[in-house]
Amino acid sequence: MTSTHPRKRPQRRSEIPRGPQQDTGLQQIRDVLPPASAPCTVEPAPRPVGDEVPPELLALVTHHCRRINAYLARAQHLQTLHGDSMKHWQRLVLYALTDALAHNHLLVGTLAAYLQRQDLDPDLLRRYLQSPDPDRYITREAVQHLDGLTGAVPEDSPEPAWMAVGRHIACDGG
C-alpha cells in the first residue's frame with residue numbers, strides 16, 4: 001500500500017555551528033576581550049531586595065535591548081538601501097554594529113556592577129559573565145550608569161552623561 005502523503009523533504013543541515021562548537025567559539029571570543037581602559041571594582045553596598053528583580057534593572061535591560069535591536073535592524077536594512085555601494089554600506093553597517101556593541105557592553109557592565117554592589121560572590125559573577133575577569137565589563141561609565149539608575153547623587157557637576165541616562169531610565173521605566 002502506498003502512502004497518499006508526499007514524502008517529507010530531507011531536513012536541511014545548517015552550516016552554522018551549533019551546540020558545543022559554537023559555545024567553545026563564543027568562549028574563545030570572550031576570553032580574549034581586552035580589559036576596560038579604566039576598570040572599576042564596585043564596593044559592596046547592598047540594598048535590601050526581595051526575590052523580585054528590581055524595576056530599575058528591568059527598565060535598564062528593556063532600554064538597552066530596544067537600542068541594540070534598533071541598531072541591529074538598521075544594519076540588516078542597510079543592504080536594501082546601500083546593497084549596490086560597498087563604500088556606503090561598509091561605513092554605515094559598521095557604525096550601526098559598533099553602536100549596538102557599545103550598548104551591549106554598557107548593559108552588561110552596569111548589571112555586573114549592580115551585582116558586585118550587591119556583594120555577589122566574585123566567582124559566581126565571573127561564571128555569570130563567562131569571563132575570568134569582570135574588569136572587561138565594569139567601566140567608569142557603567143558605574144556612572146548604575147549610579148544614575150539607583151538614584152545616587154552626582155559628585156561632579158555637570159552630571160556625567162551616562163548617570164543622567166540611568167536616572168532617565170529609572171524614572172521612565174525603560
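The side chains of His-64 and His-145 are joined by a polar contact of 2.8 Å. A polar contact is a pair of N or O atoms within 3.5 Å; within protein, one must be able to donate a hydrogen and the other to accept it, and residues adjacent in sequence count only if both atoms are side-chain atoms. This is a predicted model: local features need pLDDT of at least 70, side-chain atom pairs count only at pLDDT 80 or more, and totals for chains, interfaces and linings use all residues. Residues are numbered from 1 along each chain as its sequence is written, and side-chain values use heavy atoms, with hydrogens and water left out.

**View 1. His-64 in helix H2**

His-64 sits in helix H2, which covers residues 55–82. Helices (H or I, at least four residues) and strands (E, at least two) are DSSP runs, numbered from the N terminus. His-64 has 0% relative accessibility, so it counts as buried. Buried means under 20% relative accessible area (1.4 Å probe, protein chains only). Beyond its neighbours within four places in sequence, His-64 is in contact with His-103, Leu-106, Leu-107, His-145, Trp-162 and Ile-169. Contact means heavy atoms within 4.5 Å.

**View 2. His-103 in helix H3**

His-103 belongs to helix H3, residues 86–117. His-103 is buried too, at a relative accessible area of 11%. Not counting residues up to four places away in sequence, His-103 touches His-64, Arg-67, Ile-68, Tyr-71 and Trp-162.

**View 3. The largest cavity and its lining**

How many cavities of 30 Å³ or more are there? The count comes to one. On a 1 Å grid over the protein atoms alone, a cavity is a set of points where a 1.4 Å probe fits but cannot get out; lining residues have an atom within 4 Å of a point. The volume of the largest cavity is about 40 Å³. Grid points are joined across faces, edges and corners, and a volume is the space filled by probe spheres set on the points. Ala-45, Arg-47, Tyr-114, Arg-117, Gln-118 and Thr-150 form the lining. Two of these residues are nonpolar, two polar and two charged. Ala, Val, Leu, Ile, Met, Phe, Trp, Tyr, Cys and Pro count as nonpolar, Asp, Glu, Lys and Arg as charged, and the others, Gly among them, as polar.

**View 4. The protein chain as a setting**

Of its 174 residues, 30% are buried. Among contacts between residues at least 6 apart in sequence, 69% join residues at least 24 apart.

Notes: Buried means under 20% relative accessible area, exposed over 50%, partly exposed in between (1.4 Å probe, protein chains only). On a 1 Å grid over the protein atoms alone, a cavity is a set of points where a 1.4 Å probe fits but cannot get out, and a pocket is an open set with protein on both sides within 12 Å along at least five of seven lines; lining residues have an atom within 4 Å of a point.
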